[in-house]
Amino acid sequence: MSDIADRVKKIVVEHLGVEEDKVVDSASFIDDLGADSLDTVELVMAFEEEFGIEIPDDAAETIQTVGDAVTFIKGAV
Amino acid sequence: MFDLGGRNALVTGASGGIGGAIAEALHGAGATVALSGTREAPLAELAEKLGERAHVVPANLSDADAVAALPKAAAEAMGSVDILVNNAGITRDNLFMRMSDDEWAQVLEVNLTSVFRLSRAVLRGMMKARWGRIINITSVVGTTGNPGQGNYAAAKAGLVGMSKSLAYEVASRGITVNCVAPGFIATAMTDKLSDEQKGKILAQIPAGAMGRPADIAAAVAYLASPDAGYVTGATLHVNGGMAMI
């Protein structure tokens, strides 16, 4: 399961161009990692592809932090 | 003139005079094209004329399911949709006081709502590619208004506001969204006008002639090209000076 967390963090690092040590579970994409609203849409798209899942819009809205993403994806795969 | 080599373009309304010319111009600049329209025969004819790099993807844009399926069919045929030209449009002209809800709804559905849906569907691939072009064919009447075309003018003006809003959102991803607004263009439809009707129209056009479909196609080819990468949210009026706006 830690594999999922690692893959999520790798996507976030690559996509947002942030330092790896800042991508902790509690980090908010927008407030802590400098993402704008379009970045968050792109992150969701990237997660969908990486894990072969569908993330509906109402669920995507609840994914605010790295930990939120990991939890959602663990429940969806 | 412009190099579109390696780009894949979906053109709606490609069975019409202007749409066909747009597809030809993009294809001539090196793009692979997917030709969409309601009537398959003229699309197949155009695809045959163009030869390689031309696909036929028929769709009725008044049908929401067909609208949803079209970008997928185009991407399957070409590999991606890098350039979307929303050219298809219908008219249901009537005096405002006589216009039915249905005439209003049909025109808004095809000329505005389908453009929203098609554009939304192609954005995912464009965002990933960090490159994309959406070009919406509007009309001079979207700016000037025209008696008998309250529905059509509303849809065309709506496209302008929609295009600008989308242009804001995706500019940082290398995607541009622009409009081309034709004036009077000589097509099979205008051939049917009487000389008197034509004379009245020409009197309003400083250039003294109707435009050709190729005039619109050239504007689209420019906006689709890498050379126009810094142009977004714009409307390029191609009307012989009929309305200098």
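Biologist: What joins strand β2 (residues 32-35) of chain B to β3(B), and how do the two run?

Modeller: In this predicted model, three bridges link β2 to β3(B), and the strands run parallel. One of the residue pairings is B:Leu35 with B:Val56 of β3(B).

Biologist: Why do you call β2 and β3(B) paired?

Modeller: Pairing asks for at least two bridges. Three bridges join β2 and β3(B), so the two strands count as a pair.

Biologist: Nice. Where do they sit in the sheet, and what makes β3 an edge strand?

Modeller: The order in chain B is β3-β2-β1-β4-β5-β6-β7, an open sheet of seven strands with parallel pairing. Both β3 (54-56) and β7 (235-238) have a single partner strand, so one side of each is left without a neighbour in the sheet. Neighbouring strands are turned by 20° against each other on average, direction ignored.

Biologist: Which strands does helix α2 (residues 40-50) of chain B touch?

Modeller: That helix packs on the sheet against β2 and β3 of chain B, and its direction makes about 170° with that of β3(B).

Biologist: Let's turn to the two chains. Why is the contact of B:Arg173 with A:Asp36 called a salt bridge?

Modeller: The side chains meet at 3.9 Å, N to O. The cut-off is 4 Å between a Lys or Arg nitrogen and a carboxyl oxygen of Asp or Glu, so B:Arg173 and A:Asp36 qualify. The count between chain A and chain B is six salt bridges.

Biologist: Which helix gives the largest share of chain A's side?

Modeller: Helix α2 (residues 37-51) of chain A does, with six residues. The side of chain A that touches chain B divides into two nonpolar, one polar and five charged residues.

Note on methods
Residues are numbered from 1 along each chain as its sequence is written. Chains are lettered from A and ligands numbered from 1 in the order in which they are written. This is a predicted model: local features need pLDDT of at least 70, side-chain atom pairs count only at pLDDT 80 or more; totals for chains, interfaces and linings use all residues. Side-chain values use heavy atoms; hydrogens and water are left out. Helices (H or I, at least four residues) and strands (E, at least two) are DSSP runs, numbered from the N terminus. Ala, Val, Leu, Ile, Met, Phe, Trp, Tyr, Cys and Pro count as nonpolar, Asp, Glu, Lys and Arg as charged, and the others, Gly among them, as polar. Axes are lines fitted to C-alpha atoms, for helices over the stretch in contact, and angles run from 0 to 180 degrees between N-to-C directions. Contact means heavy atoms within 4.5 Å.
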